[in-house]
Amino acid sequence: MDDTNNITILPTAPAPSIPLFPQSYDDHRSERTPLIIDNGSTTLRWGFSTSQTPQTGPNVIAKYKERKNNKPLLLFGEAVDVESGAKGQARTPWEGDVLLNSDALENALDHAFIQLGIDTPTVDHPILMSERLCTPLHSRVLTSELLFEQYSVPSTAYCVDSIMSFYKNSHSSDASFTSDGLVLSFNTASTSIIPMLNGRGILSHAKRIPWGGHQSSEYLLKLIQLKYANFPTRVTTQQSSWMLQNFCEYATDYSGLLKTLKDPLKLRSCERIIQFPFTLPVLEEKTEEELAKIAEKRREQGRKLQEMAAKTRMEKAKNDLQYLINLRENKGQEGKRDWINQLQTEGFDDDDALDETIKKLEMDLKKTRKKEAEGEDPVDEPAFPLVDVPDETLDEDGLKEKKKQKLMKAGFEARARARREKEKEREEKEREEKKEEEERENDLGGWAQKKRQEQEMLMTRIKDRARRKAALSDRKSAAAQARMKSIANLAADDRISKKKRKGGGEDMFGADDADWAIYRKIANEEEDLVQLQIVEQKLLTHDPTFTTQETHASIASQRSALISAFRPSYEEGDVEGSTRIHLNIERWRVCEALFSPAMAGVDSAGLGEVIQHILSRFPDVDKGQMVKNVFLTGSPAQIPGLIPRLHATLRPILPPEMPIGIMLAAEPVLDAWKGMSVFSATEEFANISISKAEYEEQGGERIKRWWGGNWNGA
């Protein structure tokens with residue numbers, strides 16, 4: 001396979017960026033500039049509200065002991081990837097969509113404050129921190145306790161990140177925030193839908209789907225592992241996340257797309273190929289002369305081994321013959337009883353058996369010497385003088401010898417007949433081959449057509465047997481029922497009476513030739529395979545139009561065109577091809593799971609169904625105001641095709657005259673932090689913050705009611 005279209009080389013993991021030097025704290029010392037912290041489950045963003053953009057880093061920490069100096073280290077963000085041993089100890093403040101690990105959050109905030117240059121014993125700045133929709137009180141208590149007890153901040157406020165992103169993109173500075181809309185927040189571990197009316201989130205009608213960017217990456221990874229079960233390289237979650245961001249997209253009509261991709265050519269045209277790293281094996285190339293020398297050397301070694309084996313056999317036969325002759329010569333030196341015992345010890349019954357063995361060894365040696373001298377294996381006809389002698393003229397020993405000679409003569413004649421039949425078959429085969437060769441030379445096309453028809457007939461016969469065998473596995477099939485009927489007929493055979501069968505009468509199976517039909521069928525099947533191989537070999541040798549792709553073995557191993565397009569196969573030994581991943585259906589299937597989570601094994605309603613349920617709770621006037629401003633935010637919202645798919649989902653569930661407007665955040669990743677930064681400059685920020693005194697009096701779960709928080713009174 002040489003198709004190299006749409007191949008993308010898997011990028012290597014980027015080296016960790018050089019840590020920035022802490023900023024100067026002089027501009028903010030004693031100024032109480034608000035600190036903005038967007039505590040995302042994947043990325044932590046922090047900075048002073050006067051900054052244009054925040055500082056960012058992966059929201060992960062690891063406690064690691066350096067081996068060289070044996071010093072404990074606390075790593076944050078990209079630094080965790082520097083030490084391979086630290087990856088196994090990496091922790092994040094989040095468990096799914098819930099903040100639980102306050103110690104990891106403390107380490108992350110330590111890093112953030114150090115980078116901001118804060119060198120005072122306390123953090124004397126009001127803090128505005130983001131939190132998830134419907135954050136549990138326990139998570140807020142952990143965060144408030146950390147901020148007030150550990151860092152002694154003067155005040156803190158919490159806001160929903162997606163609402164602040166909507167605020168950044170919908171608010172004008174010269175007016176109060178009264179925008180309407182439907183906010184769709186695509187997060188790492190969930191997707192939230194918040195209806196907005198008059199600048200307030202209607203949180204009582206808000207919904208959250210347990211499907212986000214992390215689940216999509218894991219789903220894509222599982223699909224790849226299922227598709228490439230024996231992939232030579234380990235595919236990581238980071239790599240599947242990269243594939244999700246670069247190759248996956250939403251389909252406007254997923255069902256229609258699947259019908260279109262039933263065409264193998266269209267399926268191949270839409271695939272994306274990811275080339276993983278590979279190492280070519282080092283092969284030592286040899287010239288034709290060297291290969292010829294190696295082949296000749298092997299042949300010479302084979303000849304030498306054959307000569308050595310023949311020489312060893314001949315020497316062993318000589319030694320055995322000499323030993324037996326010496327044994328026979330010592331017969332008169334021992335008593336009769338001792339002689340018989342010695343013969344039995346050597347494995348002989350009597351003297352005749354010893355003489356027969358000596359005679360056989362002498363004949364074998366004679367044949368071997370003659371074969372070495374003449375190069376052929378002559379067959380000497382033995383003499384059987386006692387066969388024609390009447391029994392009356394022979395004594396008991398003579399009768400035994402006559403019986404032995406008759407058996408030897410019958411065996412010799414049977415072997416002679418077998419040789420003659422074999423020679424006759426060989427001559428017949430030579431005549432048929434000569435006739436076939438003449439036919440092939442006179443009319444190659446007709447001969448090839450005849451052989452192709454014979455191949456087709458044999459293949460059809462083998463295919464019918466395979467089909468029948470498959471049908472027998474189904475007890476309700478006609479073939480299986482016919483087989484059971486035959487077995488029942490055999491069981492009801494009238495050749496043995498029931499009384500006799502019950503009493504253990506003689507089993508007459510085999511008395512009828514039909515009983516052996518099953519064995520003949522098996523033999524015929526093997527003969528058909530052998531004959532098919534012979535026919536195909538002749539066609540490959542003499543018919544230039546017949547290729548290996550037309551052989552039975554190749555056809556049987558061929559997969560359907562659609563399966564081949566779904567997962568193309570490469571030739572054995574193609575290292576480069578075996579390290580490629582072909583993404584086709586997966587490009588749309590992973591994204592479709594957001595609208596149909598059940599296809600990924602998640603028991604939840606899809607995004608379209610949830611939106612329909614939320615909108616059904618509002619009158620048409622409010623519904624029209626919200627669908628005119630459907631707002632998308634979050635990093636997963638940047639996957640292509642989301643806006644057309646949402647439009648196709650919303651249009652059937654809304655009145656035809658109701659307009660639909662869908663907008664993506666200007667910066668889906670940073671707009672939540674920027675919206676919080678803009679809001680912190682307003683007078684309202686001070687009013688909705690919880691002071692340390694209020695925290696000490698009312699507890700860590702205390703928040704104030706306002707339009708951007710999890711308690712807004714709407």
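The largest nonpolar core has 51 residues, of which Leu184, Met243 and Leu607 touch the most other members. A nonpolar core here is a set of buried Ala, Val, Leu, Ile, Met, Phe, Trp, Tyr and Cys residues joined through side-chain atoms within 4.5 Å. This is a predicted model, in which local features need pLDDT of at least 70 and side-chain atom pairs count only at pLDDT 80 or more, while totals for chains, interfaces and linings use all residues. Residues are numbered from 1 along each chain as its sequence is written, and side-chain values use heavy atoms, with hydrogens and water left out.

- Leaving aside neighbours within four places in sequence, Leu607 is in contact (heavy atoms within 4.5 Å) with Leu184, Phe186, Thr191, Ile193, Ile209, Leu594, Phe595 and Leu646.
- Another core, of 30 residues, lies apart from the largest one and includes Trp46, Phe76, Ala104 and Ile690.

**Strands E5 and E6**
- Strands E5 (residues 61–65) and E6 (residues 72–76) run antiparallel and are joined by 5 bridges; strands are DSSP runs of at least two residues, helices (H or I) of at least four, numbered from the N terminus.
- Two strands pair if DSSP finds at least two bridges between them; Lys65 has Pro72 in E6 as its bridge partner.
- The two strands form a hairpin with 6 residues between them, and Asn70 in the turn has a positive phi of about 55°.

**Met459**
- Met459 belongs to helix H13 (residues 444–472).
- With a relative accessible area of 13%, Met459 is buried (under 20%; exposed is over 50%, partly exposed in between; 1.4 Å probe, protein chains only).
- Beyond neighbours within four places in sequence, Met459 contacts Leu532, Glu536, His552 and Ile555.
- Met459 and Thr551 are 92 residues apart in sequence and 9.6 Å apart in space, C-alpha to C-alpha.
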